[in-house]
Amino acid sequence: MERAMATNKEVLLTLRFTYVLGLCFFPLNTLAQPPTPEAVTHYHAALDALDDAKRVSDRVLEIVKTDQPVAPAEPEALATESAQIMRRLNAHLDTAIAGGHAVAMYQKAKVLLAASILKNKQSACEFYGRAAEQGLIAGAVEYVNCIPFYPPSAEYERRLALLQATVQGPDYYESEYPLLTAFPSCFPKHKPPPKPDEDAIQWVIDNARPLALSAREFRGEGYYILAMRTEIDEQRVNFLNLAFAQGCREDFMRVAKYVRDERLKALIKGPPLEAVR
């Protein structure tokens, strides 16, 4: 038993060393290259396609919810238009990605996740990682969330190092925010259960709907993730305070409770005290 505990401790120490070492090799914002003008043009064309996709999706949802009579040809027309929009969207995103546009990489990941029935995240995660390496904070946050944090792994520590380097540097894509994310820890919805007379379908849709976060809010989410994953009290308090300074609304995961040093816990400058004590 003692040998097993010693081995686990050695593994954790090795991974922590990897994490610290990774920080030395992740000044990624100095390596990130701006996208080409062509990439920017195609990215904005992709946004137009996303707007069209939302219009079609809203119409389909309206038909399903209201069970209203529709023209016999409309369902097929909507399906055809949706397929055309997706081809156009993917073509623009792929061209923008080839030109180095980090937000196009992020949006491509979202498209892949939405299209995957089995939620095979590998391809999407690769795009999140590429976006993170270009300094996109949203990409770094999603890249960390793509894999389990337990059991400890060198890959997870590498992604944490990438996240820390990203949130501590500039995000050259701030003008492209807000970007969507699902269930961020800093901004929980706290949606009450549906009422008996409430539309159950609409409740599920609203609860699952991603939230649009600004670059500042994503930075706060990133610091909060770092606070959750460190075992060092000083780092945990520092990351929590940085998260709250960037607008993190709530210590939803009760990270502050894991600060063992009461003197350090008193230094937490967060939302109402009951949320962090």
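Biologist: In which loop does Pro-178 lie?

Modeller: Pro-178 is in the loop between H7 and strand S1 (179-181). Helices (H or I, at least four residues) and strands (E, at least two) are DSSP runs, numbered from the N terminus. The model is predicted, so local features need pLDDT of at least 70 and side-chain atom pairs count only at pLDDT 80 or more, while totals for chains, interfaces and linings use all residues. Residues are numbered from 1 along each chain as its sequence is written, and side-chain values use heavy atoms, with hydrogens and water left out.

Biologist: What makes the peptide bond from Tyr-177 to Pro-178 cis?

Modeller: Its omega is near 5°. The bond from Tyr-150 to Pro-151 is cis with omega near 5°, and Pro-151 sits in the loop between H6 and H7. Most peptide bonds are trans, and most residues other than glycine have a negative phi.

Biologist: Which value of phi does Phe-183 have?

Modeller: Phe-183 is not a glycine, yet its phi is positive, about 55°. Phe-183 belongs to the loop between S1 and helix H8 (200-208). Arg-254, in the loop between helix H10 (233-245) and helix H11 (262-265), has a positive phi near 55° and is likewise a residue other than glycine.

Biologist: Why is Phe-183 called exposed, and why is Arg-254 called partly exposed?

Modeller: Buried means under 20% relative accessible area, exposed over 50%, and partly exposed in between (1.4 Å probe, protein chains only). The relative accessible area of Phe-183 is 59%, and therefore Phe-183 is exposed. Arg-254 has 31%, and therefore counts as partly exposed. The C-alpha atoms of Arg-254 and Met-228, 26 residues apart along the chain, are separated by 9.0 Å.

Biologist: How do you know that His-101 is buried?

Modeller: His-101 has a relative accessible area of 1%, so it is buried. His-101 lies in the loop between helix H3 (74-98) and helix H4 (102-115). Beyond its neighbours within four places in sequence, its contacts (heavy atoms within 4.5 Å) include Pro-35, Tyr-43, Ala-96 and Glu-176. Of the 277 residues of the chain, 41% count as buried.

Biologist: What makes H7 and H9 oblique to each other?

Modeller: Axes are lines fitted to C-alpha atoms, for helices over the stretch in contact, and angles run from 0 to 180 degrees between N-to-C directions. The axes of H7 (residues 154-167) and H9 (residues 215-229) come within 10 Å and cross at roughly 140°. Angles under 35 degrees count as roughly parallel, over 145 as roughly antiparallel, 65 to 115 as roughly perpendicular and the rest as oblique. H7 and H9 are therefore oblique. Residues making this contact include Leu-160 and Leu-163 of H7 and Tyr-223 and Leu-226 of H9.

Biologist: Which classes of residue does the contact of H7 with H9 have?

Modeller: There are seven nonpolar, three polar and two charged residues in the contact of H7 with H9. Ala, Val, Leu, Ile, Met, Phe, Trp, Tyr, Cys and Pro count as nonpolar, Asp, Glu, Lys and Arg as charged, and the others, Gly among them, as polar.

Biologist: At roughly what angle do the axes of H6 and H9 cross?

Modeller: The axes of H6 (residues 137-145) and H9 cross at roughly 35° and come within 9 Å. Among the residues in contact are Val-141 and Val-144 of H6, with Phe-218 and Ile-225 of H9.
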